Structures are given as structure tokens and as C-alpha cells.
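Here is a short briefing on one protein model. Please look over the sequence and the fold, then read the points below.

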Amino acid sequence: MEQTAKIVVDGKTFELPIITGSDGEKAIDISRLRQETGIVTLDPGFANTASCRSGITFVDGEKGILRYRGIPVEQLAEHSRFVETAYLLINGDLPTKKELERFSVLLNDHSLVHEDMRTFFEHFPRWAHPMGILSSMVNALRAFYPEIPERTEEEEINITVTRLLSKVRTMAAISYKIFKGHKVIYPIQDLPYAANFLNMMFDSPVRRYEIDPDFVKALNVFWILHADHEQNCSTAAVRLVGSARVNLYAAISAGICALWGPLHGGANQAVVEMLGQIHKNGGDMAPFIARAKDKDDPFRLMGFGHRIYKTYDPRARIMKKACHKVLGKLTQHDPLLDIAKGLEELALKDQYFVDRNLYPNVDFYSGVLLRAIGIPLNMFTVMFAIGRLPGWISQWKESIDDSDWKLHRPRQIYIGANERDYVPVEKRG
Ligand code: SDX
């Protein structure tokens, strides 16, 4: 027997179907609400609104659960590699050995960037933020790799997906090398995905970059933890822009722009800037906690709080462990890690944070890990984007195959002026 929800509008009762997800989540299906009642719902920030049915990622914010295609992220971080997890998200199942080998060969074959794109990279101002460069250059990929009419839609999508996954790390490394005024390093055949990226970033004609397997492992964990997170802001942007049936490069470029924001993916850079300020401030955290609690101060404790997680973000836990592992191995001591741990301890004992269920999120420790690997601060969010790419792609693919899918066009409640006449300029006050 279908469950329903009853609403009464102007004395009239309407019944709306309740749908249940595979893990027991429930939603009132309001897709016929306006048609039947003439009214719409209002939900700023969509905090209470599901935009779609999805079979990709499951998050339970109360219990701190995150699963990709049903597999707990803890297991993937422990046993998988980023390329394998990307395959899982995009195709729905873990690849066989053969499928993984073929996928890796394809990623290798598409890792170069069209040489004519280099002039674009070279003509950005040196101070351009790498996220702005990345979103522009991903959008430009369509110009350099136009659709081939002879290909089927599926072939076109598959090659576009492979190009994006493979070239995004080459483009990120090119922007870094050009920013430094250094020689661009090309991808090397048969170097695995993460190792190839590190080599493109840090190898130099005068100093061979020694690829550290612990850095490679840490980078795979970092990217696996960022690979998808259901309908977050940037994924919602990819789905919304994608709903107009633009090409995938344009939809992904929109996702990169949304991720750039300090309330979203830009938080990892903001966290390290905040930790650095506390360090400069002699390690005194109290003023930052006080500012975060001050209603009149727009300052927020970066890396804390989450729209969905009302408990510890499972990714933050894994990231914190990875920080210890990498820093421990380097016998490096990063004072920012101590500050981060101290800040976490202070905040989790403070009633303001406890009352609002504010815990460290994925961005709180991720920047400390990236610093340990040697990634420059202004590329932290680019690293998030590379990780999130398979998630954006899988969500976009799911949307175009969804029979319920339609152009995203929300409604509004108008609160402006009622009808009034035009007043000629000479009669205005
Ligand atoms: C990511 O959605 C995703 O899945 C995102 C992500 C992903 O994988 O894609 O997980 C990645 O974006 C993580 C979030 C990174 N952003 C930050 O770390 C920025 C700092 N965090 C906040 O700005 C905030 O917590 C948000 C934006 C993340 C979530 O905010 P919400 O859900 O809109 O909650 P809210 O702003 O309504 O806050 C509720 C209360 C408010 O206080 P009251 O008005 O109730 O008194 O909590 C307070 C807020 O002022 N609050 C904070 C706070 N976060 C919320 N106060 C101080 N510091 C904070 N960080």
C-alpha cells in the first residue's frame, strides 16, 4: 500500500505520494503539487529538497556514513586506488582486472593536452587563480576536441569522459609549471595516475623528482575521499547546467566554478590560511573561536560544519590519519597540524558548536595533507576538483539517462512591487 502525505490547502485535502529510498530515506513526491493545488514549496538552499533519485552515493549525515555504489568509503580509502574508484562511480561496479588495465591505458593515451592550448595557459596573468584557469580551460576543451559526427552518442560520451579524467591533472600541472616559470613536464607512459601527476608537478630538468610511494598512497586516499558526495553544491551545478543539454565540458566547468567558493571546495585553502593566521597569532585560538560564534561577524571556522553531516565527517577522520602517516614518515613537524587538532578539541567542547552539531568536515585536515605532499596553497581546491571529477561525471551521466529528468527551472515566490504604470522621466520626483 503506497504511503501518502496529506496537506490541507484552503480547506481542501490533497494526498501526495511518499517514496522510500533503498536505505529507507523517505520523500514526499511534490512533482504534481502545483498542478493539483496551485501552490509551490519554498526551500532556500534546498536544505529539505531532493532534486533527483540517485544510485551513486549514499550519505547518512546523522550516522556519518558515506558509501560509493554501496561500498563504504573507509574500505575504498584502505584498499582501492583513485582510478579504480573513479571507474566504480562512473560504471556502477568495481572493474575486473582486464577492465582496469584497459581503463588505465585509455587514461594514459589521453593524458596529453593539445599543444595549441599551451598559448592559452601562457597568456593568463601570473596571478590568475588556478581554479579560474581550470574552469576556463576545461570549457575550452570542446573547442579543441569537437564532436565527431560519425561517433555514436555513447562513443562521444566515453571519449569525453576519458579525456576529462586524464587531461584534468595534466592541465593542473601545466598551470602550476607556467605560474612558476618552469619547463612544462609531460605525462610519462605507464606511470600510474597519481604518480604521473606528482611527476608533472615537481619533476625538473635539473632535479629528478623522486616519487615517494607514501605520497602516491596519500594522494590516492585524498582523491578517493573527494570523489563524490551526492547532491553537493558543485554537483547540483553540474546537473543544473547539464539539464540544458550542454556538452559535458561546459557542465563540468560550471561545477569547477561552484567548487571554487570558500563555503564549498575553496574551504580547504581557507582552512590553511586560517590555521596560518592562528600560528602567526602565537597559536592563540580563542579569538578565532570567539569570532566564529559572533553573530555580527561573518567569520566562520573554516573546515567546520556541514549541511548534511551533523556528526564527524567520516572523510575528516581518514584524512587526519593520513596526515599523521605522511608527516610521521617525513619526520616533518607541521605546526598547523597541532593547531588544527587543538582547534578541533576546543570547538568540540564548546556549547556553541555542540548545539549546532558543528564538526570537522573533509576540508579541515585536507590542506595539511596537501602541504605535506608539497602542493601549493592556491592549488588546494584544484586538487579537490580533480578528485570530484568522477563524481560530477557519474552524476551527469545518471541525469541524462534518467527518464524523470527535465530542464532544471525552479519556481519562486514574488515579493516585489505590484502592478504600477510607467512614469515619464519629467514626471519623476
Ligand atoms: C564541502 O555539501 C557537501 O557535501 C559539501 C562537501 C562535498 O564533499 O562536496 O562536503 C564539501 O563543501 C564541505 C564544507 C566546506 N565549507 C566550510 O568548511 C565553510 C565553513 N562551514 C560553513 O560555512 C557551513 O557549515 C556550511 C556552509 C558548510 C554549511 O552551512 P549550512 O548547512 O548552510 O548551515 P547554516 O549556515 O544554516 O549554519 C547553521 C548554524 C548557524 O548558526 P545559527 O544561525 O543557527 O545561530 O551553524 C552556524 C551558523 O552560523 N555555523 C557556523 C559554521 N557553520 C555553521 N558557525 C561558525 N563556523 C562555522 N563553520
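**Surface and overall build**

The accessible surface of the protein comes to about 22,400 Å², and carbon and sulfur atoms hold 54% of that area. This is a predicted model. Its secondary structure comes to 18 helices and six strands.

**Size and packing**

- A compact globule of 429 residues would have a radius of gyration near 22 Å, and the protein has 24 Å, which agrees.
- The C-alpha trace spans about 80 × 65 × 65 Å along its principal axes.
- Of the 429 residues, 49% are buried.
- Take the contacts between residues at least 6 apart in sequence: 70% of them join residues at least 24 apart.

**Charge**

- The protein carries 53 positive and 53 negative charges.

- Strand β1 covers residues 4–9, and strand β2 covers residues 12–20.
- The two strands run antiparallel and are joined by six bridges.
- T4 has P17 in β2 as its bridge partner.
- Two residues lie between β1 and β2 in this hairpin.
- D10, in the turn, has a positive phi of about 50 degrees.

- I19 has A27 in β3 as its bridge partner.
- Five residues lie between β2 and β3 in this hairpin.
- G24, in the turn, has a positive phi of about 90 degrees.

Methods: Residues are numbered from 1 along each chain as its sequence is written. This is a predicted model: local features need pLDDT of at least 70, side-chain atom pairs count only at pLDDT 80 or more; totals for chains, interfaces and linings use all residues. Side-chain values use heavy atoms; hydrogens and water are left out. Two strands pair if DSSP finds at least two bridges between them. Helices (H or I, at least four residues) and strands (E, at least two) are DSSP runs, numbered from the N terminus. The radius of gyration is taken over C-alpha atoms; the globule rule is 2.2 Å times the number of residues to the power 0.38. Buried means under 20% relative accessible area, exposed over 50%, partly exposed in between (1.4 Å probe, protein chains only). Contact means heavy atoms within 4.5 Å. Accessible areas come from the Shrake-Rupley method with a 1.4 Å probe; for residues, only the protein chains shown count as cover. Lys and Arg count as positive and Asp and Glu as negative; His and the chain ends are not counted. The place of a charge is taken as NZ of Lys, CZ of Arg, CG of Asp or CD of Glu.
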